[in-house]
Amino acid sequence: MTIDLQTENDHGHAATELDLDRVVAFAGQIAQNHAIASNGVLTYLGDRLGLWRTLASVGPVTSAELAEHAGLAERYVREWVSAQAAAGYVTYDAATQRFTLPAEHAAVLADDDSPAALVGAFEITAAVWASVDRLAHAYTTGEGVGWHEHDDRLFSGVERFFRPLYAGSLVDAWIPAVDGLTARLTAGARVLDVGCGLGSATLLMAEAFPASTFLGVDNHGESVRRATAAAQRAGAADRVAFTEAAADEYDGGPYDVICMFDALHDMGDPLGALRHARAALSDDGILLVVEPAAADRLEDNLHPLGLSWYAASATMCVPGSLSQAGGAGLGAQAGAARLLELFALEGFGTARVAATTQFNLVIEARR
Ligand SMILES: C[S@@+](CC[C@H](N)C(=O)[O-])C[C@H]1O[C@@H](n2cnc3c(N)ncnc32)[C@H](O)[C@@H]1O
């Protein structure tokens, strides 16, 4: 069905012929998306309050039993767990009035050490919502929003979101994809991780390659402090250190291997960062840059993963980059061609995509 709307829109163009079926279909899509977004708050609360972990450990439970195990108020838990049944995150047995978190769902929602862990992403979203007024101001003025200006949950959420990805891919897939890198790290290399965040990638490499030494640098002091504490907890502080420094100002070197994990596009001056890295590499050094997977053309990134990365880019990566000197605003969906162009501009002899996975581009470059 169509209806004629002979009105003028704000730009003075006649708006005609609304296809009502399409309106209804789109309203249904938005309503569904809104339901999922609303449950994002509950998914985060379930993580924060231990409900997912409790469900995973106790098996089928009534809402009263779940509340008791979790030490929470039953009336809230009843509503929460009913929402999760409606979402299909838990199953509900009407005969016993018990809710169950399937083991496969627990692997995603209840266990940070699972390779499928994703619940940390909701902590990131909580942090982004906390920054929403700051972001609205930035969108109006064009100013940036620095990494350090965000809610604390951003740092822990990012670490929790990326660590399972790194645990599953870094040592077993990404490093072997780079010519000679496994051998270098096994033999013992000086490794620098630029934009190291809370140091999860640094520490995973340190664990896998005990003959190598590692330095992580990040311009966010709180992340460096937490990374340092993590190295101490891991008993690796004798060969893993973290220090506060920007990507274009750290000292030392030459380094045999320099890495940047999901950090280059966050920088205000990615070219300056590559220039500094090239100067800090040994003659036969290797630069490993991991970036979010993206096709080169916007029209080829229009799918759920592209949405996820663009949304992250619009709320964290671009604002962060615009807050720094240079303000490049490369964005999380730059794509391989644009990224390789940056390496060429900085005079790297070789730069190539060593691996493309569902979520990431792995780039290796040499002086
Ligand atoms: C998305 S986080 C990734 C952190 C870490 N590499 C990981 O994968 O878990 C990006 C990191 O880059 C850091 N960063 C951004 N711009 C930087 C710069 N110019 N110099 C050093 N670090 C920077 C941020 O502080 C943040 O810790």
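This is a predicted model: local features need pLDDT of at least 70, side-chain atom pairs count only at pLDDT 80 or more; totals for chains, interfaces and linings use all residues.
Residues are numbered from 1 along each chain as its sequence is written.

Back to Asp262, whose phi is near 50°, a positive value in a residue other than glycine. Most residues other than glycine have a negative phi, and most peptide bonds are trans. Asp262 is also buried, because 23 other C-beta atoms lie within 10 Å; the word buried here requires 20 or more other C-beta atoms within 10 Å of the residue's own, exposed means 12 or fewer, and partly exposed is in between, with C-beta atoms placed from the backbone.

Gln97 is another such residue, with a positive phi near 55°, and it is found in the loop between strand 5 (91–93) and strand 6 (98–100). Gln97 counts as partly exposed, because it has 13 other C-beta atoms within 10 Å. There is also a cis peptide bond, which joins Gly253 and Pro254 with omega about 0°, and Pro254 lies in the loop between strand 9 (240–244) and strand 10 (255–261).

Now to the whole protein, which has 14 helices and 13 strands, and whose C-alpha trace spans about 65 × 60 × 35 Å along its principal axes. Of its 367 residues, 42% are buried. The protein is divided into domain 1 (14–111) and domain 2 (171–366), with bounds that come from an automatic or database domain assignment, and the centres of these two domains, taken over C-alpha atoms, are separated by 36 Å.

Next, the helices. Helix 1 (residues 20–48) and helix 6 (residues 120–130) pack at an angle of about 115°, with their axes 9 Å apart; the axes are lines fitted to C-alpha atoms, for helices over the stretch in contact, and angles run from 0 to 180 degrees between N-to-C directions. From helix 1 the contact is made by Gly40, Thr43, Tyr44 and Asp47, and from helix 6 by Phe122, Glu123, Thr125 and Ala126, where two residues are in contact if their C-beta atoms, placed from the backbone, lie within 7 Å. Helix 7 (residues 132–141) is hardly covered, with a count of 0 buried residues among its 10 residues, and just after helix 7, Gly142 takes a positive phi of about 85°.

Finally, which residues come nearest to the ligand? Of the 23 residues around it, these are Gly195, Gly197, His220, Ala247 and Ala263, and a residue is near a molecule if its C-beta atom, placed from the backbone, lies within 6 Å of it. Helix 8 (153–177) and helix 10 (200–208) each supply at least two residues of this shell, and the largest share, 3 residues, comes from helix 8. The shell divides into 10 nonpolar, 9 polar and 4 charged residues, if we count Ala, Val, Leu, Ile, Met, Phe, Trp, Tyr, Cys and Pro as nonpolar, Asp, Glu, Lys and Arg as charged, and the others, Gly among them, as polar.

How values were computed: Helices (H or I, at least four residues) and strands (E, at least two) are DSSP runs, numbered from the N terminus.
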